[in-house]
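Please open the structure in your viewer and keep the selection panel at hand.

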Amino acid sequence: MSDDTIRFTLNGRDVMVPATTRGHLGDLLRHEFGETGTHIGCEHGVCGACNVVMNGVVVRSCLTLAVQVAGAEIETIEHLGNDRDVAALQDAFVARNAFQCGYCTPGMIMTARELLNGNTTPCREEIRDAISGNLCRCTGYQAIVEAISDAAESLRETPSE
Amino acid sequence: MNKMMSKGIGAPLPRESARRLVEGRGSYIDDIVLPSMLHVAFLRAPFAHGRILEIDTAEARELPGVVAVIDGKDLAKVCAPFDTNPPGVPHHSSPPQPALVIEESCFQGEAVIAVVAQSRAIAEDAVELVFVDWEELPASCSIKEAQSDDAAPVHGGFETNLALRHRLGVEDVSNAFESAAHVVEASFEFGRQTGVTLEPRGIIAHWDPRTEALEVWQSHQVPWQMREVYAKQLGLPQQSIRVTTPDVGGAFGLKLHAYADELAAVAVSKLLGRPVKYIVDRLEAFTSDAHAREANATCRMAIDLEGHILGIDAVVDSGFGAYSIHPRGSFGEAMQAAQLIGAPYNVGAFRAVVQGWRQNKAPSGAYRGVGQPIACAITEDMIDLAARAAGIDPAEMRRINYRSTLDAGARATQSGLVIEELSLDACLEKLLEAMDYKELRVEQAGLRKQGIHRGIGLASFVEITGVGAGLYGPLGLPLAANEACRLTLQPDGSLTCATSVTDQGQGTLSALGQLIAGEFDVAPGMVRMIAGDTGRTPYGGGAWASRGMALGGEAARRACVRLRNGLFDVAAEILQCEPSALSFENGEVVGPKGPSGVTLADLGALCHYRPYDIPTGQVPPMTVEESFLPANLPYITSNGVHAVHLEVDVDLGTVELLDYWVVDDCGTVVNPLLVDEQLRGGIVQGIGAALYEECVYSEGGQFTNGTLADYVVPMAGEMPDIHVGHITTPTRASGLGAKGVGEAGTVGAPAALRAAISDALSPLATRVVKQPFTTRRILEAIMAAENARQQ
């Protein structure tokens, strides 16, 4: 590997890109890999629309320099449909109409998945607290809280294999 | 599937067609990439008011990857400035607004130079290399500054900054005030806000010199309006332009307007003959998106001994920004802020003077509710002040003054409002029961003795929805304001609905599909929706003023009836019965003898493939188009009542929201799952307006809080659960009866919070005046009252 390329794992696939120092991970995913499910809302780390999973932890892709992902494992919304928690969340978001324009939703689901990984029985306040770094301008948040609560319940009722 | 669901109306169906959005498969404007596409970045004006002395672009042009550096004079060769002076709006004026500043810039953030490059990053780098020598000019930024006698002109073309002056109601209301038992008077201030769509504005324009056709993809609400705007500004035939709106990440009125920077991007494509993309970044969004709400007002209200309103006398001063926004102007907010004052009530004598002021700030325009949140806040605060003066409970004060219809023989209220029928009594009754109002008042009184300051705020509203040609036509605004549906039966029995209505997340398209599926009693998945594309949809408005179901739903219903009637004519011949005896059940024709075995798919195949087998020989239309506007009504009126329960910490000035209720009458509810979250989302935006949101400019006109960390919007942690109830009074203007619901939450919530905070502070003999009610402003109100007591 030469100095001017970086390698990382994107949604289970080994990939290699030129290391450009000025770009952030969000732009890298969107422009280099066409993974446009990750959305750019504010580019200063407030809105959470660009949340992705890096080495198992949710990060703001707009605050993560592209070169920081060298050697890391990155997961995005497009390929997490097979993830049990994400699938349950997506079903619940549709059932509860917990989204309107959908721009915040991929980032919101990243955050909710992380919550459910650490807490299988979150109460409403814990859910509201957990998603307080994700801006949704359309819904009143209530349907999102209910969807995450529903997803937690359905995951408890159908234990993983 | 139960019977109710099968007929479409009233079923809380999830939006299965929107599942792709939760899976990251949306297609928003920045997700679209065209071959050989270039990118634009703008150099923007650094001062509130300035004059360009010299421009030097040589260094920028030399940067590798830069294709063109274009200034206002270059662009003016292919693109006319916006002229926003509709002939039907008297005493209104706006300077011409060029796509790029030609000489005089009038607000900080106005686009000055377009740099076009292979990538956005290169374009932004090159912007840094452009040199502009500026002369800073004196500016008028606040409304007070703009209206003062020695105000600096906002634009060199006008000596004063008065952009609009209008009086609603009668000239003289003095009789009502002279005979009153009580007169209350108050002043109001409303801070500037902006819509903050999570997806900023964005556009791709492609002028193809080979075909002499312009294609535009834009994150927008009204594609037909934009086709006509671009045709006019660029001098192109309307039919040479196609505007498509892909998935839109929030709009809220902000994406209703024509923006100079987006026009510039289109003009750049025309100049270069290449596809051009421009995506607004967050700072640009704050400084150049339509702003809203900035207003100062005073109001007097006269009541008799029993608390009946005898008269209202108001003055509203509205901040327009540098230009009246194109094409609908900035006067809508000002006019509705004045016209809707007192709308829920029988108000006796009415006078409201409204003035609009040019300012060296971003242009103001439509944002969810358009002026109505201001009118509602003024009205409800006045009602509370009057109730206190008369010693009447605020809920009772509202009840005894509610209006239900226009006075006999009247065409409109004194303010010119055309009202069909209101249901405020029923809404209030249901609301008070849901919140257990009396019990809350008892609890409030008890807690006050312990020094706990809880407030209960009520807000009744009347909302104008489905605004159409009846309003725009007389103003001289050439706008598509009807909504249309083109419905096609496919050979396989599925249906295609091409609608002029657009959907930015409201779920309108899903609800239209649900409605159409119900009319033929087929699964919603059998209806394919096409929208947001002037190349593929019938002519019509799009999305504003809560019109999707109210107008688009009725157009769809009428199209269904016509298509179905043609099919029934065929089926009646086959079944040897009267067409009127037929209906659809589970997609099958049901006749006098029950299910006929003839399905929608059979009819589709017969008409498309074997028309010669139709007994009459007459093939009914397989595509029908219906367009709808209410007859004799400029708009529809919905209504409702909000209530909030909150606690103010009088030491910290903080507000904790404890509970929230709304009872809304939006007429027929097609899908309550969608409608209820429209209300909740609107209410949360209204809470943002009341507590957090303000575009803060420095005295010199610099935007000071242009990040989402500094301009605070509601997040989940601080928001309450919201209880939604409905009263259903279908409008008689349509067969469907839907009135619209998109703005109802935002119209009432700021008024409810204002009322509740002032109610909480009432033992301290103070009230809040300026929105948003930040901790600082609440503490200032408390301290001012303390100081007054000590003196």
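How far apart do the C-alpha centres of domain 1 of chain A and domain 2 of chain A lie? They lie 22 Å apart. Before the first selection, please note that this is a predicted model, in which local features need pLDDT of at least 70, side-chain atom pairs count only at pLDDT 80 or more, and totals for chains, interfaces and linings use all residues. Residues are numbered from 1 along each chain as its sequence is written, while chains are lettered from A and ligands numbered from 1 in the order in which they are written.

**First selection: chain A**

Select residues 5-78 for domain 1 and residues 84-157 for domain 2 of chain A; domain bounds come from an automatic or database domain assignment. The contact between them takes 13 residues from domain 1 of chain A and 11 residues from domain 2 of chain A. Two residues are in contact if their C-beta atoms, placed from the backbone, lie within 7 Å. On the domain 1 side, strand 3 (residues 51-54) of chain A gives the largest share, 3 residues. Helices (H or I, at least four residues) and strands (E, at least two) are DSSP runs, numbered from the N terminus. By class, that side of domain 1 has 7 nonpolar, 6 polar and no charged residues. Here Ala, Val, Leu, Ile, Met, Phe, Trp, Tyr, Cys and Pro count as nonpolar, Asp, Glu, Lys and Arg as charged, and the others, Gly among them, as polar.

**Second selection: where the chains meet**

Now display both chains: 45 residues of chain B are in contact with 41 residues of chain A. Helix 2 (19-22) and helix 20 (672-691) of chain B each supply at least two residues of the chain B side. The largest share of that side, 7 residues, belongs to helix 20 of chain B.
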